[in-house]
Amino acid sequence: RRTRAEYLRTHPICEDEAGCIQVATEVHHLDGQGPKGEHGHSAFNLQALCKPHHDSLTSHLQPGGWNA
């Protein structure tokens, strides 16, 4: 939780590639392994996103989407 809070404090705007300017409320782990992965707390593995972009991105990573 500390890593998430610190990352959002230093990256307050969504870092989506489309150039979103919404407030970031979620931290995405680029390796898809979450906070317990090998690089879970490494800044290079994190991406600040607004909730819609995070939900959209992670739903594509889940087999069958969120409803699976």
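Strands are DSSP runs of E covering at least two residues, numbered from the N terminus. The model shown here is predicted.

**The whole chain.** Begin with the complete protein coloured by secondary structure. Two helices and two strands are present, and along the sequence they follow the pattern α-β-β-α. Of the 68 residues, 31% are buried. The protein exposes about 4,900 Å², of which carbon and sulfur atoms supply 54%. Among contacts with a separation of 6 or more, 44% join residues 24 or more positions apart.

**Strand β2 and Q47.** Select residues 46–49, which form strand β2, and then Q47 within that strand. Q47 counts as buried because its relative accessibility is 14%, under the 20% cut-off. Display its side chain next: this side chain reaches the backbone oxygen of E15 at 3.2 Å.

**Y7.** Move to Y7 and apply the same exclusion of residues up to four places away in sequence. Y7 touches E15, V27, A43, L46, Q47 and A48.

**The nonpolar core.** Finally, select Y7, L8, A24, V27, L46 and A48. These six residues make up the largest nonpolar core. Helix α1 (2–10) and strand β2 each supply at least two residues of this core. In soluble globular proteins, nonpolar side chains tend to be buried together.

How values were computed: Residues numbered from 1 in each chain as written. Predicted model: local features only at pLDDT ≥ 70, side-chain atom pairs only at ≥ 80, totals over all residues. Heavy atoms only, no water. Helix = DSSP H or I, 4+ residues; strand = E, 2+ residues; numbered from the N terminus. Buried < 20%, exposed > 50% of the residue type's maximum accessible area, 1.4 Å probe, protein only. Polar contact = N/O pair within 3.5 Å; in protein donor to acceptor, adjacent residues only side chain to side chain. Core = buried A, V, L, I, M, F, W, Y, C linked by side-chain atoms within 4.5 Å. Contact = heavy atoms within 4.5 Å. Areas by Shrake-Rupley, 256 points an atom, 1.4 Å probe, with all protein chains shown as cover.
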